[in-house]
Amino acid sequence: MNVADLLEQNGVLILDRQKDKLSLLTLMAEHAGRALQLDAHMVADAVSNREDLGSTGLGSGVAIPHARIAEVPYALGVLALLREPLDYDAIDDEPVDIVFMLIMPATPAALEILAGVARTFRQQDLTIAC
């Protein structure tokens, strides 16, 4: 699976200083909501509820906040590249500067999509320059 296939036009955000994790996730949810023609608050709530279960910060500066939502017709990603790393409560306690929000339909295939995205972002030779 190619992560780029999950992105739509304007699906990559290059962001300067973000206030906190919640404001970043809200901004990304707004982009996802527009692309999917869904209420941004519903998307933000779903991602926030998942994040409440445990941080989606993988370590090495990467986070993959995600949610499964019944009304979502197809999997969609929004990539945020942060010029200034943000505290995200990641597994390695390091800030993140690459955040890939993944919004998926509530289907069994969602776990495969999430696993593919995680594999991609865990590659040691993956580098993205802002």
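Predicted model: local features only at pLDDT ≥ 70, side-chain atom pairs only at ≥ 80, totals over all residues.

Colleague: How many salt bridges does the structure hold?

Modeller: Side chains of opposite charge can pair when their charged atoms come close. The cut-off for a salt bridge is a nitrogen of Lys or Arg within 4 Å of a carboxyl oxygen of Asp or Glu. The number of salt bridges in the structure is 3.

Colleague: How many residues apart in sequence are the parts tied together by Arg-83 and Asp-16?

Modeller: Arg-83 forms a salt bridge with Asp-16, with 3.1 Å between the closest N and O atoms. Arg-83 belongs to strand β5, whereas Asp-16 sits in the loop between β1 (7-15) and α1 (21-36), so the parts tied together are separated in sequence by 67 residues.

Colleague: Is Arg-17 buried or exposed?

Modeller: Arg-17 forms a salt bridge with Glu-84, the closest N and O atoms being 2.3 Å apart. Arg-17 lies in the loop between β1 and α1, and Glu-84 in strand β5. Glu-84 has 37% relative accessibility and counts as partly exposed. Arg-17 has 62%, and so Arg-17 counts as exposed.

Colleague: Which residue forms a salt bridge with Glu-51?

Modeller: Glu-51 lies in helix α2 and its partner in helix α1, so the pair ties together parts that are 30 residues apart in sequence. Both residues of the pair are buried, which means under 20% relative accessible area. The closest N and O atoms are 2.9 Å apart, and the partner is Lys-21.

Colleague: What is the geometry of the pair formed by Phe-100 and Phe-121?

Modeller: A search of the whole structure finds 1 aromatic pair. Phe-100 lies in strand β6 and Phe-121 in helix α3 (residues 109-122), so the pair ties together parts that are 21 residues apart in sequence. Both Phe-100 and Phe-121 are buried. With 5.4 Å centre to centre and 40° between the planes, the pair formed by Phe-100 and Phe-121 is tilted.

Colleague: What is the relative accessible area of Asp-87?

Modeller: Asp-87 is part of a negative surface patch, together with Asp-89, Asp-92, Asp-93 and Glu-94. Asp-87 is placed in the loop between β5 (76-86) and β6 (96-105). The cut-off for exposed is over 50%. Asp-87 is exposed, and its relative accessible area is 60%.

Colleague: How far apart in space are Arg-50 and Arg-68, C-alpha to C-alpha?

Modeller: Arg-50 lies in helix α2 (residues 40-53). Arg-50 is partly exposed, at 26% relative accessible area. Arg-50 and Arg-68 are 18 residues apart in sequence, and their C-alpha to C-alpha distance is 9.1 Å.

Technical notes:
Residues numbered from 1 in each chain as written. Heavy atoms only, no water. Patch = residues over 30% accessible without salt bridge, like charges linked within 9 Å, V, L, I, M, F, W, Y side chains within 5 Å. Areas by Shrake-Rupley, 256 points an atom, 1.4 Å probe, with all protein chains shown as cover. Salt bridge = Lys/Arg side-chain N within 4 Å of Asp/Glu carboxyl O. Lys, Arg positive; Asp, Glu negative; His and termini not counted. Charge placed at Lys NZ, Arg CZ, Asp CG, Glu CD. Helix = DSSP H or I, 4+ residues; strand = E, 2+ residues; numbered from the N terminus. Buried < 20%, exposed > 50% of the residue type's maximum accessible area, 1.4 Å probe, protein only. Phe/Tyr/Trp six-rings, centres within 6.5 Å; stacked < 30°, edge-to-face > 60°.
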